[in-house]
Each structure stands twice: as structure tokens, then as C-alpha cells.
Amino acid sequence: MRPLHVAHLQVRAFRNLAAVDLEPGERFNVVSGDNGQGKTNLLESLYVAATSKSFRTSKMNELVGFGAELASVRATVADDFESRVQSVGLKPGARLVRIDDKRPASLAAYAVRTPIVVFHPGEMTLSMGASGERRRLLDRTSLYMSPQSMADLEAYTRAMKERQRALETRGPSASDLPEWETLVVRHGLAVMGHRARAAELVSDKAILAFSRIAAPELVLTAGYAPSAPSDEAAFLEALASRRTSDMRRGSAGVGPHRDDLSLAIDGHPVRGVASQGQHRAVTLALKSAEIEVVGQARGVRPILLLDDVSSELDRVRTAALFSFLREQRGQVFLTTTRPELIDTGADGSARRDFVVKSGVIVRTFSG
Ligand SMILES: Nc1ncnc2c1ncn2[C@@H]1O[C@H](COP(=O)(O)OP(=O)(O)OP(=O)(O)O)[C@@H](O)[C@H]1O
Ligand SMILES: [Mg+2]
């Protein structure tokens with residue numbers, strides 16, 4: 001795999017980060033600070049630089065610093081001994097993305113250049129929560145496996161919205177419904193194809209990872225759980241027969257917007273049955289699968305963002321986390337309120353420490 005890391009990061013007016021210029025190390029970067037100082041904001045700015053999106057909001061306007069007009073992030077990425085500058089400028093209603101000051105062909109083309117995986121406390125919903133988080137996991141990995149998947153998903157979502165609008169404004173016999181449903185099926189099947197391929201790889205890797213993380217007698221099974229027939233005619237028929245009920249409930253009862261990745265331990269669905277510790281193991285297994293699949297798809301080790309690793313850490317979990325981290329060979333950014341608990345096991349040259357206070361970041365040197 002080719003080496004990849006962010007060598008320089010410049011952030012302006014991004015949330016509470018007024019002006020940050022950071023020289024991260026190639027391996028571990030430990031960012032500490034009290035609550036509310038800007039640790040997650042820093043990780044978010046890295047994620048935006050890499051993907052043009054945030055991992056905690058879809059409303060890009062929220063990212064612009066209070067009172068500022070324009071936020072920007074600019075990352076110099078060293079990739080296989082070459083370097084490029086990826087930048088994102090944000091102002092209300094507009095997003096400007098550039099690679100070496102040139103417009104990329106599409107947002108997807110931009111988003112796959114610097115693979116990045118984020119791990120934050122809310123991630124437990126991957127195992128415990130509703131299907132949305134798992135669909136997003138499949139879509140994130142699909143993007144790196146096949147950048148076209150982003151456009152397919154957008155086209156599907158648009159067609160579905162138009163069908164729903166037609167139903168709700170003009171009823172189940174609206175004359176344009178067959179047209180929308182044809183589009184829904186065409187793009188929906190494409191989305192399902194991407195997700196099926198992603199789910200297969202993610203499941204394989206997650207099952208293996210789980211067997212290493214959890215008690216050896218527990219067996220995880222995982223697989224794509226589509227919510228529409230994979231046959232074109234059957235999918236069309238399913239939509240046509242549900243027009244009245246879809247109109248009443250305000251959304252379609254079939255289609256990949258309801259897909260899931262099914263997860264079971266020893267044959268029992270994980271959700272609602274697994275213990276807290278088992279949910280953690282499943283989550284960690286899914287995230288390490290994501291890292292592996294994304295890495296293999298792009299031929300690099302993804303940059304890893306680990307937010308708030310010190311929350312509720314006990315000794316066993318810390319050990320599990322660090323054995324996981326030792327296996328990662330790429331660049332890692334981790335935030336914590338308790339840097340004294342973070343033993344990266346790395347020698348000094350592989351680790352850089354930073355402290356954030358009120359949006360200002362400084363590098364610290366121990367000893
Ligand atoms: N658009 C914005 N402009 C300015 N400040 C913002 C903006 N959005 C959020 N903030 C501020 O950023 C701060 C939170 O930063 P962040 O979430 O990075 O904290 P943190 O260091 O991760 O804290 P914790 O340890 O509690 O997770 C808050 O003080 C919040 O008010
Ligand atoms: Mg935080």
C-alpha cells in the first residue's frame with residue numbers, strides 16, 4: 001500500500017478554529033484539551049478537507065465560524081511521495097472544492113482522493129441503532145469502491161422524492177407516476193448493486209475482526225439486507241401496488257432507502273439482544289472492516305480520526321483499542337481530555353502531541 005498522510009493543515013474561521021496551522025506527524029497525533037475547546041472541530045476540519053463533507057452535520061453552514069463569512073480548510077497531502085493541496089471553502093449556500101487549485105470533475109472524485117475513516121463515540125449506533133448508520137457505512141465504503149455510487153444514490157433519492165411529491169399532491173393515479181417509478185427502479189437497482197458488493201466485503205472482514213476481538217465461542221454473521229426486489233419487474237410492481245399506502249404514510253415502503261446490514265451473534269439479531277460489551281465489539285469489528293475495505297479499494301491506509309477515545313475508557317477497553325491501533329500503520333489523529341491515558345506504544349519520533357484551548361492549537365513537547 002502506498003504511504004499517505006496530511007503533512008500540513010491550514011484552517012480558517014472553521015467553527016471555533018479561527019486560524020490553525022498544523023504540521024502533523026506521519027503516525028500518531030494526540031490532540032488533548034478540555035471539553036468544548038475545539039478537539040472535535042479539528043478532526044472535523046480534517047474530514048472536510050479529505051471528503052468535502054462533515055461527519056457530524058449535513059448543514060455545511062454550521063461550519064462557518066460565528067461572525068465570519070467564509071470558512072476554509074486546506075490540507076497538503078503527501079501521497080506516495082508526491083504532494084497535492086486539497087481545499088474546501090465554505091460560505092452560506094456554497095462549497096468550493098479544489099485540488100491543486102483546480103476544480104475536480106465531481107465531489108465524488110474529490111472525496112476518494114484521501115481515504116479517511118472517523119471513529120467517534122456516537123458510532124455505537126452502528127451496532128445498536130436503527131438502519132440509517134449501517135446504510136451510511138455501506139455508502140461510505142461503496143464510494144471508495146466505486147465513486148459512481150454517489151451519483152446513483154443522489155439520482156435515486158431525487159426520483160423517490162419526485163414520486164412521493166406526485167403521490168401527495170396529485171394522488172395514486174397521477175399520470176407521471178410510472179415515469180418516476182421507472183427512474184426509482186433504475187437508480188435503486190444501481191444503489192443496491194453497490195451496496196451488495198460493499199456489504200459482502202464489509203461482512204467478511206467484520207466477521208473475521210469480531211472473532212479476534214470478542215470471546216472466541218461467539219460467532220458474528222453479517223450480510224446485506226435489501227429492502228426491494230432485485231428483479232426490475234418485481235420492484236416496479238412493488239411500487240405500483242403500494243401507491244395508496246405510500247401516499248398515506250408519507251414515504252415509500254420498498255426501496256433501498258430502507259436497506260440494512262443484518263448483524264447477528266450466534267444467530268440472534270445483535271440489535272436489542274447483545275450486551276454492551278458485545279455492541280462495542282461489533283462496532284469495533286465494523287470500523288476495522290471499513291478501514292480495511294476502504295484501504296484495499298484505494299491502495300492506501302486510510303487516515304484514521306479517533307474522537308474522544310478517553311470517554312469511558314477502562315483498562316480492558318484501552319488495551320483493546322491500542323492493540324487495534326498498533327495494527328493500523330497509517331496516520332492517526334486522536335483526541336482526548338486525558339492525554340495521560342494515551343499510551344500509543346510508539347517511540348517519540350512516531351508521536352506528536354498537541355493541546356487545544358479556545359480554538360488555538362499548540363504543539364507540546366514532553367520531557
Ligand atoms: N460555527 C461555529 N463558530 C464558532 N464556534 C463554534 C461553531 N460551532 C461550534 N462552535 C464552538 O466549538 C466548541 C466545541 O468544539 P468541539 O466540539 O471541538 O469541542 P471538544 O474539544 O471536542 O469538546 P468535548 O471534549 O466536549 O467533545 C463549542 O464551544 C462551540 O460553541
Ligand atoms: Mg469533542
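These questions and answers walk through a predicted model, its strands, its ligand and its domains.

Residues are numbered from 1 along each chain as its sequence is written, while chains are lettered from A and ligands numbered from 1 in the order in which they are written. Local features need pLDDT of at least 70 and side-chain atom pairs pLDDT 80 or more, but totals for chains, interfaces and linings use all residues.

Trainee: Over how many bridges do β4 and β5 pair?

Mentor: Strands are DSSP runs (E, at least two residues; helices are H or I, at least four), numbered from the N terminus. Two of them pair if DSSP finds at least two bridges between them. β5 covers residues 82–91. Its antiparallel pairing with β4 runs over 9 bridges.

Trainee: Which residue in the turn of the β4 and β5 hairpin has a positive phi?

Mentor: The hairpin leaves 2 residues between its strands. A positive phi of about 50 degrees belongs to Asp80.

Trainee: Which residue in β4 stands opposite His8?

Mentor: β1 (residues 4–14) and β4 (residues 71–79) pair in the antiparallel sense over 8 bridges. Opposite His8 stands Thr76.

Trainee: How many residues surround ligand 1?

Mentor: A residue counts if its C-beta atom, placed from the backbone, lies within 6 Å. Asn16, Asn35, Lys39, Thr40 and Asn41 are the closest.

Trainee: What distance separates the centres of domain 1 and domain 2?

Mentor: The bounds come from an automatic or database domain assignment. Domain 1 is 1–115 + 302–367, and domain 2 is 124–299. Taken over C-alpha atoms, their centres are separated by 28 Å.
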